[in-house]
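Please walk through this structure with the chain in view. We begin at a loop, move to the sheet, and end at the core and its rings.

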Amino acid sequence: MALRKSTKLPQTALIKQILKRCSSLGKKDDPCLDVPKGHFVVYVGENRSRYIVPISFLSRPEFQNLLHQAEEEFGFDHDMGLTIPCQQDVFESLTSMLLR
């Protein structure tokens with residue numbers, strides 16, 4: 001039985017791509033300037049509300065599912081920040097569960 005090679009980015013490549021968004025720390029107009037070490041920014045919902053979440057979420061299957069949805073809907077090659085295609089209340093419920 002032959003295994004097919006996935007066309008999706010490996011998890012480490014995906015994480016590096018996400019974290020690269022906040023690699024320009026120190027610039028005056030940098031939106032990541034107020035993000036504590038070990039966290040990153042995502043935008044959620046119709047109004048693109050900004051959330052700062054721990055990097056540890058990246059290893060959780062529940063959050064990875066959201067990232068795959070974001071990749072399919074928006075892709076990661078844009079300057080608007082990482083946008084999660086999810087309603088705010090659903091995102092808040094998920095993240096509160098992940099923090100437990």
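Where is the place of Ser 56? Ser 56 lies in the loop between S2 and H2. Helices (H or I, at least four residues) and strands (E, at least two) are DSSP runs, numbered from the N terminus. This is a predicted model, in which local features need pLDDT of at least 70 and side-chain atom pairs count only at pLDDT 80 or more, while totals for chains, interfaces and linings use all residues. Residues are numbered from 1 along each chain as its sequence is written, and side-chain values use heavy atoms, with hydrogens and water left out.

Stay with Ser 56 for a moment. Its relative accessibility is 48%, so Ser 56 counts as partly exposed. The scale is this: buried means under 20% relative accessible area, exposed over 50%, and partly exposed in between (1.4 Å probe, protein chains only). Ser 56 and Gly 38 are 18 residues apart along the chain, and their C-alpha atoms are separated by 7.9 Å.

Two strands pair if DSSP finds at least two bridges between them. S1 and S2 are antiparallel, over 6 bridges. Across this pairing, His 39 stands opposite Pro 54 in S2, and Val 42 has Tyr 51 of S2 as its bridge partner. S1 and S2 also form a hairpin, with 4 residues between them. In the turn, Gly 45 has a positive phi of about 85°.

On its other pairing, S1 runs parallel to S3, joined by 2 bridges. There Tyr 43 stands opposite Thr 83 in S3. The charged end of Arg 48 sits over the ring of Tyr 43, 4.6 Å from its centre. (A charge sits over a ring if NZ of Lys or CZ of Arg is within 6 Å of the ring centre and within 35 degrees of the ring normal.)

How enclosed is S1? Of its 6 residues, 5 are buried, so S1 is largely enclosed by the rest of the structure.

What lies inside? The largest nonpolar core has 18 residues. Such a core is a set of buried Ala, Val, Leu, Ile, Met, Phe, Trp, Tyr and Cys residues joined through side-chain atoms within 4.5 Å. Val 42, Val 53, Phe 63, Ile 84 and Phe 91 have the most contacts inside it. Strand S1 (39–44), strand S2 (49–54), helix H2 (61–73) and helix H3 (88–98) each supply at least two residues of this core. H2 gives the most, with 4 residues. In soluble globular proteins, nonpolar side chains tend to be buried together.

Val 53 shows some of the packing. Leaving out residues up to four places away in sequence, Val 53 touches Gly 38, His 39, Phe 40, Val 42, Phe 63, Phe 91 and Thr 95. Contact here means heavy atoms within 4.5 Å.

The whole structure has 4 aromatic pairs. Rings of Phe, Tyr and Trp (its six-membered ring) pair if their centres lie within 6.5 Å; planes under 30 degrees apart count as stacked, over 60 as edge-to-face and the rest as tilted. Tyr 51 and Phe 91 form a tilted pair, 5.0 Å centre to centre with 55° between the planes. Tyr 51 lies in strand S2 and Phe 91 in helix H3, so the pair ties together parts that are 40 residues apart in sequence. Both Tyr 51 and Phe 91 are buried. Phe 57 and Phe 63 have ring centres 5.7 Å apart and planes at 55°, so this pair is tilted. Phe 57 and Phe 63 are both buried. Ring pairs link Phe 40, Tyr 51, Phe 57, Phe 63 and Phe 91 into a cluster.
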